[in-house]
Amino acid sequence: MNPIIQHIKGIHPGIFLDRELKKRGLAKGPFALSIGEYPQTLSAITNGKRGMNPSLAIRIEEALGMEEGTLMVLQALHDVKLEKAKMHSKQTPDLSKLRPALFWDTDITKIDWIKNQRFVIERIEERGNEIEKAEIKRFYDQRLLTKSDLL
């Protein structure tokens, strides 16, 4: 994999493009018009609100002299990151083994168990019984979380 892409993988291609345009001193509006695109479309992409499509990626890469496929690879890696986050957010421990009262300040069914791992573990360690501690240990050990899972 291209070392630049390896360094920035997971970032939205529009964010990368925005930085690239600023680095080159190019205004978004005139640049968009120069490649036959509406400024609003380019603005939505550089704000991360819209994805990159192959046609636009090719025009941008040619105009900026970038390696072909860079923006689409970034888009694909960003999409993978979002999909993994969706998949992880649906994973939960066995809630029948956890007392909802442990999480009195939130709805236990809406906890993002991956994103809030540290909070959950601290809460269970502090207030949980042995069954609850065992369930949380099983859940997080089973997941074998890596640093990239938490990003």
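Biologist: In which helix is the place of Arg 123?

Modeller: Arg 123 sits in helix α7 (helices are DSSP runs of H or I with at least four residues, numbered from the N terminus). This is a predicted model, in which local features need pLDDT of at least 70, side-chain atom pairs count only at pLDDT 80 or more, and totals for chains, interfaces and linings use all residues. Residues are numbered from 1 along each chain as its sequence is written, and side-chain values use heavy atoms, leaving out hydrogens and water.

Biologist: Is Arg 123 buried or exposed?

Modeller: Arg 123 is buried, with a relative accessible area of 9% (buried is under 20%, exposed over 50%, partly exposed in between, with a 1.4 Å probe and protein chains only).

Biologist: Which backbone oxygen does its side chain reach?

Modeller: The side chain of Arg 123 reaches that of Leu 102, at 2.7 Å (a polar contact is a donor and acceptor pair of N or O atoms within 3.5 Å; residues adjacent in sequence count only if both atoms are side-chain atoms).

Biologist: And which ring does Arg 123 lie over?

Modeller: Arg 123 lies over the face of Trp 104, 4.1 Å from the ring centre (the rule asks for NZ of Lys or CZ of Arg within 6 Å of the centre and within 35 degrees of the ring normal).

Biologist: Changing topic, which residues of α7 are buried?

Modeller: In α7, Gln 117, Val 120, Arg 123 and Ile 124 are buried. Seen down the axis of α7, its buried residues fall within an arc of 135°, so they line one face of the helix (the arc is taken from the directions from the axis to the C-beta atoms).

Biologist: What does the face turned away carry?

Modeller: That face of α7 carries the exposed residues Arg 118, Glu 122 and Glu 126.

Technical notes:
Helices (H or I, at least four residues) and strands (E, at least two) are DSSP runs, numbered from the N terminus.
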